[in-house]
Amino acid sequence: MKKFLLAFTTILFAAQLSHAAENKVPTLVLNNGVQMPQFGLGTYKLADGDEAYQAVLTALKNGYRHIDTAHAYLNERSVGRAIKDSGIPREEIWVTSKIWPTEYPNAAEALDKVLNRLGLDYLDLIYLHQPVGEYKKAWEDIIQAQKDGKVRAIGISNFDKVEEIFDDFMVWSKVKPQIMQLECHPHAQRKHWQQKLKEHHIVQENWFPLGGRESHGAVLNDSVLNQLAK
């Protein structure tokens, strides 16, 4: 039964992704009322230049409306150029980036640099990339950026690594994250975190939803998934 549920999850994901390719991307409503396209393209390990540019441009032309990058990926310029060259109205594309911990002491300036690299006037979502360093100071900065209209949603990434940090953050912050990003896929379903985030009314966004390139296709090569797909 467990393997069946894993397979069903992946098949449902594939069906939804096909739906997205028809420019009818399903959305999730965040706790501040903003709607986010449910499926997107992650650009981790896409080299800046033609590789990142072509990947984003191709995704947008095939119906994707959610692009995820980060300062640490070093490809924001190419991502931004592809968004501009796609010809798709800016308001139809959800653009996410992330601030690296070394930038936390002056996250406001770091966000302005993100916007400059992407060539955008605003971001749809900005994450604190890791729960280390001066993340509380950075959180206050991006709360203000949201008030100023520079970002539509604010979130935290990888705060599942140390649960005590997440719990303290929830008590400390007057403004709760709209989204938390963590690894989650059929081989790592993270049920504890799924429930915990629901209790805080935080949308869960999954990185490596199909296992990621480091898994060497483990999810896609799963024999049960392939049997059901056939």
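1. Let's start where two helices touch: Tyr135, Lys136, Trp139 and Glu140 of H5 meet Ile165, Asp168, Phe169 and Trp172 of H6. Contact here means heavy atoms within 4.5 Å, and helices are DSSP runs (H or I, at least four residues) numbered from the N terminus. Sorted by class, this contact of H5 with H6 has five nonpolar, no polar and three charged residues. Ala, Val, Leu, Ile, Met, Phe, Trp, Tyr, Cys and Pro count as nonpolar, Asp, Glu, Lys and Arg as charged, and the others, Gly among them, as polar.

2. A word on the source: this is a predicted model, where local features need pLDDT of at least 70, side-chain atom pairs count only at pLDDT 80 or more, and totals for chains, interfaces and linings use all residues. Residues are numbered from 1 along each chain as its sequence is written, and side-chain values use heavy atoms, leaving out hydrogens and water.

3. Now the core, a set of buried Ala, Val, Leu, Ile, Met, Phe, Trp, Tyr and Cys residues joined through side-chain atoms within 4.5 Å. Buried means under 20% relative accessible area, exposed over 50%, partly exposed in between (1.4 Å probe, protein chains only). In the largest nonpolar core, of 43 residues, Leu123 and Phe166 touch the most other members. A separate core has nine residues, including Val34 and Trp94.

4. Finally, look at Ser78, which sits in helix H3 (residues 76–85). Is Ser78 buried or exposed? Ser78 is buried, with a relative accessible area of 4%. Setting aside residues up to four places away in sequence, Ser78 touches Asp48, Gly49, Ala52 and Tyr53.
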